[in-house]
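Reader: I have a model open on my screen and would like to learn how to read it. Could you take me through it, one feature at a time?

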Amino acid sequence: MDAASVPTSRLLPIRTRRSAPAEWTTMDDSAAAVEEPVTPTARLMEAVYIVVTIGLGSPVNLPVFSAGVAAELARFPRFRSIQVIDGDESKDGNNPRWARTAVNVEDHMIVPTLNPAAVKADPDRAVEDYVASVYTLPMDYSRPLWEFHFLDFPTSEASSTVVLRVHHSLGDGMSLITLLLASARSAADPTRLPTLPEQPARTGAIYAPRRRDRTSAGALAAFIRWIWLYLVLAWNTMVDVSFFAATTVFLRDPCTPFRRAEGDVSFNPRRRFVHRSLSLDDVKFVKNAMNCTVNDVLVGATSAALSRYYFRKSGGINTYRTWLRSVLVVNTRPTASLQTYASMIESGKSNDVAWGNQLGYILLPFHLAMHDDPLTYVRKAKMTMDRKKSSLEAIFTCKISEVLVKMFGLKAGAFIFRRMFANTTISFSNMVGPTEKIEMCGHPVVFIAPSVYGVPQALIVHYQSYDNTIKVVLSVDEEIFPDYSQLLDDFVESFRLIKDAASRLSGSIKK
């Protein structure tokens, strides 16, 4: 069904207006003429947008919020740049570059007028309907490609809601969320930046010999292990990159209730953005009980939820198994602190941060099956993730897409980008947030729920931690998932079963 023909009776009548006049204009005159090329990866994101729903703990004070945006986010170079076309010819007939421009923050503050009766009857549904309609609202490419939408009425979770929409070419999800947090402050102490959890050092398949292996036999064993791990890394990388290449050409996931019809690869299906909160302490409890990572737990819970939904929809018996694949999006840039981002905003320069879309892709298999022991999903997820950690798939897929765009032009890169998403079933990502409550532009934040639209998959799964909760956020094609609320319930119920099983396991170990 074409997006234009989808019934809109469920949407609220919407009229948009700009916020009240405010004199918030920013520009770095010394850098007004500075230009930099749009990276190949950013050019592939032409139709992709990031949508972040932020629940606030107080009503919106628009002048205060606008002043906060002008003092922080609007000072960041990419947030005051637009794409312009270079006069030189290229393989695609243009060479887009980022050029600095003046920013009138007022132009990026949008206050919609909704149907008062619909808002009063069901404010949660009113927010959901509005966020679902955001993708239909055009963006003005003569201005920097970001905007805030304000829904100033209480819901079951928040006193008001802000929706941030950003074009994906401005940066990937991790860099944009980090920039957002660098513009925020701790609610306990507004003079300091939010506290993020300590990130473990990135590890791979290669380990240095341990200090105690100082004997000849120990050194030889360490050297043989070192060589073996290199061979495993090379083999796994070759296999993974080969499957990635096959996916872009012909290898397509089987037909399941999670996919669009064969040949239908619309990048803009009718979207719904829904979310639910889980206890981060419960996730960590399962992690400790299973001796795995938080990401392993989330991948396992996702597999359990998809299996639960699949067997209910398909009517298949519990012993029947199938599989699907997810595009796991990986940030390949070096880790930078919030203070680095805050300094970058203050100086108006991004020299200290590897900015932009530096994304690698991992094809992550999900085996759909009903297991008697819910912890089996986590065990299988851990095995899969451990295998993927012994591979350079993410780095190779990132570099391959960049090289192809540079060598053969945007069309070649777009073909791979589209085919990768069209031949897989879902997208998956997990982002780490602050460990404490924060304030953003003078407003307390209750929750953060990021998502995207513009890719052809009918289901996109995001996890975002904040304080002591973790949000599971689904971006769903409403035509494929008319019962998307039930799918969200499956995530919650699947995690509950996993947590209960982990509690029993811990209890039996203690005994």
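Reader: Where is N291 found?

Author: Some ground rules before we look. This is a predicted model, where local features need pLDDT of at least 70 and side-chain atom pairs count only at pLDDT 80 or more, while totals for chains, interfaces and linings use all residues. Residues are numbered from 1 along each chain as its sequence is written, and side-chain values use heavy atoms, with hydrogens and water left out. Helices (H or I, at least four residues) and strands (E, at least two) are DSSP runs, numbered from the N terminus. On that numbering, N291 is found in the loop between helix 7 (280–290) and helix 8 (294–314). Its phi is near 55°, a positive value in a residue other than glycine.

Reader: Is N291 buried or exposed?

Author: Buried means under 20% relative accessible area, exposed over 50%, and partly exposed in between (1.4 Å probe, protein chains only). With a relative accessible area of 64%, N291 is exposed. Compare C441, which is not a glycine either and has a positive phi of about 50°. C441 is buried, with a relative accessible area of 13%.

Reader: Which strands have C441 in the loop between them?

Author: Strand 16 and strand 17 do. They form a hairpin with two residues between them, and C441 is in the turn. Strands pair if DSSP finds at least two bridges between them. Here two bridges join strand 16 (residues 438–440) to strand 17, and the two run antiparallel. Within that pairing, E439 stands opposite P444.

Reader: How many bridges join strand 4 to strand 17?

Author: Eight bridges join strand 4 (residues 49–56) to strand 17, again antiparallel. I54 is a handy place to look, as it stands opposite I448 in strand 17. Strand 17 (residues 443–453) is mostly covered, with nine of its 11 residues buried.

Reader: Now a helix, please. What span should helix 11 have?

Author: The expected span of a helix is 1.5 Å times one less than its number of residues. Helix 11 (residues 393–408) has 16 residues and should therefore span 22 Å; its end C-alpha atoms are 22 Å apart, which agrees. Helix 11 is followed by G409, whose phi is positive, near 95°.

Reader: Which residues of helix 11 are buried?

Author: They are E393, A394, T397, C398, S401, E402 and V405. Seen down the axis, these buried residues fall within an arc of 165°, so they line one face of helix 11. The arc is that of the directions from the helix axis to the C-beta atoms.

Reader: On to charges. How many salt bridges does the count come to?

Author: A salt bridge is a side-chain nitrogen of Lys or Arg within 4 Å of a carboxyl oxygen of Asp or Glu. By this rule the count comes to 26. One of them joins R165 and E147, whose closest N and O atoms are 2.6 Å apart. This pair links distant parts of the chain, R165 being in strand 10 (residues 160–167) and E147 in strand 9, 18 residues apart. Both R165 and E147 are buried.

Reader: What separates D386 and K389 in helix 10?

Author: They are three residues apart in helix 10 (residues 375–389), so about one helical turn separates them. D386 is partly exposed, with a relative accessible area of 32%, and K389 counts as partly exposed at 38%. Salt bridges can also link up, as they do in the network of R125, E128, D129, R272 and E478.

Reader: Last one: which residues form a nonpolar patch on the surface?

Author: Patches are made of residues with over 30% relative accessible area and no salt bridge; like charges are joined within 9 Å, and nonpolar side chains (Val, Leu, Ile, Met, Phe, Trp, Tyr) within 5 Å. Accessible areas come from the Shrake-Rupley method with a 1.4 Å probe, and for residues only the protein chains shown count as cover. In this model, L220, F223, I224, W226, I227, W228, Y230 and L231 form such a patch, with about 830 Å² of accessible area together.
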